[in-house]
Amino acid sequence: MSTDETFEIFLATAPGLETALAAELDAGGFAGATASPGGVTLQGGWPDVWRANLVVRGASRILARIGAFRVVHLAQLDKLSRKFDWGRVLRKDVPVRVEASCRRSKIYHAGAAAQRVETALRESFGVTVEDTAPVCVRVRIEDNVCTLSVDTSGELLHRRGQKEAVAKAPMRETLAALFLRECGYDGQEAVLDPMCGSGTFVIEAAEIAAGLPAGRSREFAFERLATFDPAAWDAMKSQAVAAASPPGSLRFTGSDRDAGAIRMATANAARAGVDGWTAFSQCPVADLQRPDGPPGLVIVNPPYGGRIGKKAALVTLHGTLGQVLRSRFSGWRVGLITTDPALARATRLPFGPPRRPVDHGGLKVRLYTTGTLK
């Protein structure tokens with residue numbers, strides 16, 4: 001594949017956030033983004049793959065779909081895998097691994113399908129196959145059609161490369177970015193998280209406001225593909241980083257009752273390069289005060305029953321949070337993530353209907369949002 005060739009690109013995200021990710025892609029100038037189960041598809045070329053990995057905040061991984069053919073038995077999969085032009089995408093000097101899935105197909109054994117493709121890669125292309133290889137070929141057989149993809153991201157994209165310290169039950173950066181978007185946040189207002197943990201929402205909001213590319217501090221699997229152009233990539237990344245700028249007078253604040261969480265959040269913000277416009281302080285919810293400046297967004301991921309704490313104490317905590325926000329944060333909007341509608345009701349905040357459930361750490365969470373508090 002040349003850098004001018006176009007193909008289908010799939011950007012995976014948590015089920016329930018596909019529409020939010022499609023909206024992010026539209027806003028980012030990626031044409032033709034279409035939400036589908038588990039992610040978003042679009043047509044593009046390798047420069048689009050590179051840019052998506054660099055700047056898209058809500059995708060968990062990005063797959064380049066490099067080929068497809070119909071198969072009904074393993075011998076056919078073996079034959080067609082050997083004929084496939086792997087050299088258009090893969091390098092012989094970079095080991096690969098193969099992961100397979102089968103659904104509604106005559107080939108139903110994913111392990112056997114992966115073995116056939118691994119053998120074809122070794123014997124017909126001459127590449128080393130290793131379980132821990134940096135490049136992953138994904139084989140999806142669905143309705144008797146085999147789709148071959150390459151994972152262009154490598155490590156999951158929430159691993160931005162700056163956060164070394166995490167608190168209990170952390171919110172992934174990719175989820176935080178899309179929850180912020182679903183709250184209507186576009187980088188033009190202050191953000192406060194009164195239970196900030198390791199600072200994910202605050203740091204993510206600050207990066208969005210500054211226009212900092214999400215993947216600026218990490219490496220990607222696409223850098224080990226035959227289609228990679230180091231000079232073009234360096235220019236793309238340099239231009240994206242140079243376009244970022246401090247967000248004026250906007251400030252992004254977090255607080256937490258735990259001193260260790262505040263130390264972690266402060267260190268994470270410094271590593272991300274946003275410590276100049278973020279601030280963290282140790283403070284229980286009952287003592288939370290409205291920051292100076294114009295109103296903005298309060299976003300919070302409090303403890304919930306399946307995660308941390310016991311129900312009675314959590315109801316009390318949510319009640320205190322709601323009372324503080326209603327009495328001291330007139331003009332602000334609120335976004336709250338929880339598994340339990342009763343905890344959202346305990347705040348007595350004027351939430352609208354919750355958003356779709358989203359998988360977070362094996363639990364189904366929903367985002368509740370208010371309009372401007374009176």
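Reply: Happy to! One term to begin with: a helix axis here is a line fitted to C-alpha atoms over the stretch in contact, and angles run from 0 to 180 degrees between N-to-C directions. Please keep in mind that this is a predicted model.

Let's start with the sheet. It is open and has 7 strands in the order β2-β3-β1-β4-β7-β6-β5, with mixed pairing. Strands β2 (34-36) and β5 (96-103) are at the edges, each pairing on one side only. From one strand to the next, the twist averages 30°. Within this sheet, β1 (residues 7-12) pairs with β3 (residues 39-44) in the antiparallel sense, over 6 bridges. You can find one of these pairings at A12, whose bridge partner in β3 is G39.

Now for the helices. Helix α1 packs on the sheet, where it touches β1, β2 and β3, and its direction makes about 30° with that of β3. Helix α2 (residues 46-55) also packs on the sheet, touching β1, β3 and β4 (61-70), with its direction at about 10° to that of β1.

Helix α1 (residues 18-27) has a helix partner too: its axis and that of α5 (residues 173-182) come within 9 Å and cross at roughly 80°. On the α1 side, A20, L21, A23, E24 and A27 take part, meeting L178, R181 and E182 of α5. The residues of this contact divide into 5 nonpolar, no polar and 3 charged.

Note on methods
Residues numbered from 1 in each chain as written. Predicted model: local features only at pLDDT ≥ 70, side-chain atom pairs only at ≥ 80, totals over all residues. Heavy atoms only, no water. Helix = DSSP H or I, 4+ residues; strand = E, 2+ residues; numbered from the N terminus. Contact = heavy atoms within 4.5 Å. Nonpolar A, V, L, I, M, F, W, Y, C, P; charged D, E, K, R; others polar. Pairing = 2+ DSSP bridges.
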